[in-house]
Amino acid sequence: MDIASRPSTPIENPETADAAVPPKAPAVIRREDYRAPDWFVPEIALDFALDLDATRVRATLEVRRNAQGSGDHTLRLNGDGIAARSVLVDGQVANDWRMDGLDLLIELSGDAHTVEIETLINPAANSQLMGLYASNGMLCTQCEAEGFRRIAFFPDRPDVLSTYKVHMEGDKARFPVLLSNGNCTATGEGTDGKHWAEWHDPWPKPCYLFALVAGELVANHDTFTTAGGRKVDLNIWVRPGDEGRTQHAMDSLIASLKWDEETFGREYDLDLFNIVAVSDFNMGAMENKGLNVFNTRYVLADPETATDADYDAVEGVIGHEYFHNWSGNRVTCRDWFQLSLKEGFTVLRDQLFSADMGSPAVKRIEDVRVLRSAQFPEDSGPLAHPIRPDSYQEISNFYTSTVYNKGAEVIRMMRSMAGPECFRAGTDLYFDRHDGEAATCEDFVKAIEDGTGLDLKQFRQWYSQAGTPQVKVRVDHEGDTATLRITQTVPVTPGQPVKQPMPIPLRVALFDRDSSEHRGEQLIVLDKAEDSFTFPGFARTPVLSINRGFTAPVAIDSDVPTADLVFLAANDDDPFARYEAMQSLVVQHLVAAVGGGMLCDAERQSGRDAIGRALAAILDDATLDDLMRGELMILPSEAYLAEQLAIADPGAIHAEREGLKAWLGRELEDRLAALHDRVSAVSYSRSAEARGARKLKTQALVYLAAGVPDEAAKRAATQYAAADNMTDRQGSLMVLCGLDTPAREEALADFRKRYDGNALVIDKWFSLQAGSLHPRVLDHIKALAQHPDFTLHNPNRVRALYMSAAVNPKAFHSGDGEGYRMIADLILALDPINAQTAARFVPPLGRWRRIEPQRSGMMRAELERIAAAPKLSRDTLEQVTKSLG
Ligand code: B3K
Ligand code: ZN
């Protein structure tokens with residue numbers, strides 16, 4: 001097997017490894033062990049002779065001893081699956097080098113040397129998609145976190161910053177476009193049909209930000225002039241034929257450049273900004289300096305092939321990667337434990353950007369929905385870790401919802417406590433103070449503290465403690481005073497048996513029952529295990545609206561009477577709180593229904609009636625815009641409902657939630673049908689009104705499909721046939737996919753034919769079927785896995801089929817354990833091909849401890865089966881071991 005196709009450092013399983021070979025347990029890397037590098041590399045020159053299956057790389061490193069280092073004379077250069085063809089020190093063939101595992105060590109006598117090493121790699125055989133690899137005939141790179149070491153021997157750590165000079169030569173017909181970071185400084189013709197280009201990036205950067213792309217690409221070109229007067233060339237490079245679907249990405253990019261100047265005072269710092277879209281990519285996109293590489297999914301969009309949600313995702317990811325230019329590139333991370341320094345902050349920045357571009361209320365609700373369905377379960381499971389982890393075996397496993405989304409919430413809390421303007425003073429100070437440095441989360445907090453004047457001593461706990469704080473709230477009333485009694489508990493998480501209270505900022509408002517109004521909201525900060533806050537001037541117990549805007553990433557247990565939730569769902573002037581009241585109403589009811597299984601028919605009916613009344617009020621409320629109405633109509637996810645229970649029965653949750661949906665669909669049929677008629681008459685545009693209408697079209701169908709399936713099938717088939725955009729087409733197909741109707745097969749066949757050759761839309765075709773509510777969903781998934789269009793080598797396709805299945809409770813939690821088996825089989829088959837993607841499928845199985853005993857046993861057995869495999873990647877082994885642990 002070619003070295004480049006090896007899984008990154010496969011690990012012999014201690015249980016099954018040959019007894020003669022000592023098992024190699026993955027090393028644990030600890031934050032406390034951080035040491036400054038012994039050697040810096042202020043400059044590197046890279047010379048590539050490009051070829052799909054044999055690329056020669058010559059790396060010339062100017063190395064300088066760090067006077068503050070350990071004094072060790074050994075230069076350690078990390079490698080992964082590469083071999084040195086030659087090693088030169090100061091121009092002479094070196095003898096004083098050796099391999100230490102995958103790393104190359106050179107003994108150096110002086111303080112400054114030139115080290116030149118040549119390697120040969122096979123991009124076409126690189127199925128891990130880390131380092132230099134081939135995708136659709138083009139060459140591209142992915143280096144974060146530790147992919148550069150698959151290209152060249154180098155101190156692959158983010159605190160070694162270098163300026164890069166890149167020379168590349170390749171066949172002009174095969175690779176007409178040659179790109180790297182920074183500015184193109186020269187190009188020329190070579191011999192034998194070859195040509196070359198030279199790139200120079202003046203900004204020192206860690207090697208994880210290096211990028212190279214070579215291939216047949218066409219650009220959507222535009223320009224942007226910065227506030228300081230720099231004219232920047234902008235290019236979005238795609239495969240020929242795709243350029244017609246790049247305008248939204250370009251508009252989003254221009255909006256991002258402008259927004260970061262206006263909102264955070266950050267200007268772009270090169271004359272060129274390139275984005276390249278590639279089809280084989282492990283994640284969403286990558287912020288390489290001046291040369292962002294994107295998954296096509298977050299670049300290509302037009303009304304015919306992208307939904308409104310796809311448009312929003314493109315805008316958000318384009319913004320996110322661009323914002324990294326300051327939060328990540330100009331100020332980078334000292335080590336990978338500090339990942340949230342750049343990711344949490346950049347997620348916050350992209351959330352604020354998207355909020356400003358569209359509806360802040362809807363965006364906030366979407367952000368919280370992601371947090372609750374992905375991060376809360378992570379925080380309460382075996383893989384829980386603080387936003388600044390203390391240890392890891394494989395850093396790729398720590399690109400988590402905790403580091404990203406909770407990381408963003410933690411910084412948002414500081415912003416809420418300081419106020420946006422004061423917070424800006426803090427971020428200005430942070431950027432000024434640490435520009436050009438590899439910084440820590442502590443540096444960030446200190447800068448915010450110094451810039452805003454906040455005392456964040458206790459707040460730092462948010463960086464070190466895992467677990468979602470549980471906040472209990474009670475309102476007492478005596479005389480004319482209401483008293484809010486609040487307690488907090490931070491749950492025990494792996495490795496953290498004892499927790500300290502954390503400052504929890506909560507925006508609260510108390511509504512007067514008589515006037516239905518409140519007298520202004522307040523920000524209170526709960527910083528003890530328990531505290532109380534008094535509010536005079538209430539003749540009767542007020543209605544409490546708490547954690548408005550979701551100021552803190554906590555779970556609130558407030559025991560609010562149903563009537564108060566109905567009141568808030570109809571009257572709260574904070575859109576998030578209104579959404580929250582509606583969610584709580586449903587959560588309370590469903591948890592009571594499945595939790596104890598104690599609801600008698602009358603209780604179930606009265607719960608449903610309350611929800612039905614609240615939903616009817618939402619459907620009727622003329623003051624609501626349709627985008628917001630659509631949010632208020634969405635029921636809490638099964639994953640979020642499971643989170644409310646110590647031990648969940650996914651079958652019962654699914655049945656009870658579907659039962660409620662069906663009841664609401666029947667009860668509100670006339671309203672829902674009228675709504676569907678009204679919004680179906682709105683013609684396509686990208687306006688908020690038209691997007692709201694499209695959102696409701698599908699929402700109405702979802703309820704009708706549950707309650708009156710025949711009627712819904714007719715409406716969905718009509719919507720499908722009439723659709724002039726992907727939002728309507730996908731929405732109706734999604735509903736049809738869950739129904740046992742001939743219209744389902746017809747629409748699926750039409751969709752398949754209509755979009756033949758469009759990989760991103762064919763992904764939808766896989767995903768809709770794997771995510772469906774159809775009774776035979778597992779059979780469908782198995783058949784799709786055999787489909788000629790399915791491949792384990794394309795992460796988008798793998799996720800379209802199997803991640804849709806893993807997050808579909810109907811498929812994953814199938815009572816016979818078939819869903820668990822299927823995901824375990826996938827992990828085992830995918831691990832040798834793409835370890836990073838394979839390891840992402842472990843967490844759903846890792847929830848076994850919180851699932852009813854029968855399913856729990858089957859989940860655990862699948863984890864054990866994976867763990868017993870003879871060779872597993874470090875990625876999968878870490879996730880499986882911790883999940884069983
Ligand atoms: N920084 C990259 C993520 C890299 C993931 C490596 N496994 C994209 C982002 O967060 O912007
Ligand atoms: Zn990021």
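A polar side-chain atom of His320 lies 3.1 Å from an oxygen atom of ligand 1. The model is predicted.

- The side chain of Glu343 places an N or O atom 2.9 Å from an oxygen atom of ligand 1.
- On its own, ligand 1 has 340 Å² of accessible area, and the protein covers 95% of this.

**Shell around ligand 1**
- The shell consists of 13 residues, and the closest are Glu144, Ala285, Glu287, Glu321 and Tyr404.
- By class, 5 of the shell residues are nonpolar, 3 are polar and 5 are charged.
- At least two shell residues come from each of β21 (285-286), α2 (308-323) and α3 (339-357).

**Nonpolar cores**
- The largest nonpolar core has 113 residues, of which Met633, Ile781, Leu801, Tyr802 and Leu845 touch the most other members.
- Helix α10 (residues 575-595) contributes the most to this core, namely 9 residues.
- Beyond its neighbours within four places in sequence, Met633 is in contact with Leu615, Ile618, Leu619, Leu672, Leu675, Leu696, Gln699, Ala700 and Tyr703.

Methods. Residues are numbered from 1 along each chain as its sequence is written. Chains are lettered from A and ligands numbered from 1 in the order in which they are written. This is a predicted model: local features need pLDDT of at least 70, side-chain atom pairs count only at pLDDT 80 or more; totals for chains, interfaces and linings use all residues. Side-chain values use heavy atoms; hydrogens and water are left out. A nonpolar core is a set of buried Ala, Val, Leu, Ile, Met, Phe, Trp, Tyr and Cys residues joined through side-chain atoms within 4.5 Å. Buried means under 20% relative accessible area, exposed over 50%, partly exposed in between (1.4 Å probe, protein chains only). Helices (H or I, at least four residues) and strands (E, at least two) are DSSP runs, numbered from the N terminus. Contact means heavy atoms within 4.5 Å. A residue is near a molecule or strand if one of its heavy atoms lies within 4 Å of it. A polar contact is a pair of N or O atoms within 3.5 Å; within protein, one must be able to donate a hydrogen and the other to accept it, and residues adjacent in sequence count only if both atoms are side-chain atoms. Accessible areas come from the Shrake-Rupley method with a 1.4 Å probe; for residues, only the protein chains shown count as cover. Ala, Val, Leu, Ile, Met, Phe, Trp, Tyr, Cys and Pro count as nonpolar, Asp, Glu, Lys and Arg as charged, and the others, Gly among them, as polar.
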